[in-house]
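Here are my notes on the model you asked me to look over.

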Amino acid sequence: MDLSSLKNTAGARKTRKRVGRGRASGMGKTSGKGHKGQYARKGHKYKIGFEGGQMPLIRRLPKRGFKNPNRLVYCPINVCALERFDDGAEITLDVLREARMFSNKFDGVKILGQGDLTKRLTLKVNGVSASAKAKIEALGGTVEVV
């Protein structure tokens, strides 16, 4: 097998439509644009979302609330997921990232209180729920919000 013997899969490359090449081609005279009107003119651009004068869908749907473009998105991690770390360990964002518990698409980590914890840990994270803080401190651990 060599480069000269390569061929495209059937249907992979489609020949372009040649318009304005005579009546016998089926796309002659007006080239598929009909007679006169806005859409027959050169340089016409279709307006995105235009529905022929009907109220467009984007304007028919209700608008609700406000989404802050500067908001921070935290990765939620439950206290039961922290069982994998050794007793007395200091857990920072770098440690959690190395353990692949959250990715760079998040702005930080918030610890939530679901599950049980049996180890004393020192946490330095972006946020913590009240129930998670209570569980960690009940075991003698500490939580620092950075």
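1. Asp94 and Arg97 form a salt bridge through their side chains, with 3.5 Å from N to O. By salt bridge I mean a side-chain nitrogen of Lys or Arg within 4 Å of a carboxyl oxygen of Asp or Glu. Both residues belong to helix α2 (residues 93-98), and because they are three residues apart there, about one helical turn separates them. Helices here are DSSP runs (H or I, at least four residues) and strands likewise (E, at least two), numbered from the N terminus.

2. A word on what you're looking at: this is a predicted model, where local features need pLDDT of at least 70 and side-chain atom pairs count only at pLDDT 80 or more, while totals for chains, interfaces and linings use all residues. Numbering starts from 1 along each chain as its sequence is written, and side-chain values use heavy atoms, with hydrogens and water left out.

3. The scale is relative accessible area with a 1.4 Å probe and protein chains only: buried is under 20%, exposed is over 50%, and partly exposed is in between.

4. How many salt bridges does the whole structure have? The search finds three. Another one joins the side chains of Glu90 and Lys124, at 3.4 Å from N to O. That pair ties together distant parts of the chain, with Glu90 in strand β2 (residues 90-91) and Lys124 in strand β4 (residues 122-125), 34 residues apart. Glu90 is partly exposed at 47%, and Lys124 is partly exposed at 28%.

5. Arg60 and Glu51 also meet in a salt bridge, 3.2 Å from N to O. Arg60 has a relative accessible area of 43%, so it counts as partly exposed. Glu51 is partly exposed as well, at 30%.

6. Don't look for disulfides (pairs of cysteine sulfur atoms within 2.5 Å): the structure holds zero. Cys80 is in no disulfide either, and its nearest cysteine sulfur is that of Cys75, 13 Å away.

7. Three strands make an open sheet in the order β1-β3-β5, with parallel pairing; two strands pair if DSSP finds at least two bridges between them. The edges are β1 (74-78) and β5, each pairing on one side only. Strand β3 (residues 108-112) runs parallel to β5 and is joined to that strand by two bridges. Ile111 has Val128 in β5 as its bridge partner.

8. Finally, have a look at Ser129, which sits in the loop between β5 (127-128) and α3 (130-138). Its relative accessible area is 16%, so Ser129 is buried. One reaches the backbone nitrogen of Ala132 at 3.3 Å, and another reaches the backbone nitrogen of Gly113 at 3.5 Å. Leaving aside residues up to four places away in sequence, Ser129 touches Lys110, Ile111, Leu112 and Gly113, where contact means heavy atoms within 4.5 Å.

Technical notes. Polar contact = N/O pair within 3.5 Å; in protein donor to acceptor, adjacent residues only side chain to side chain.
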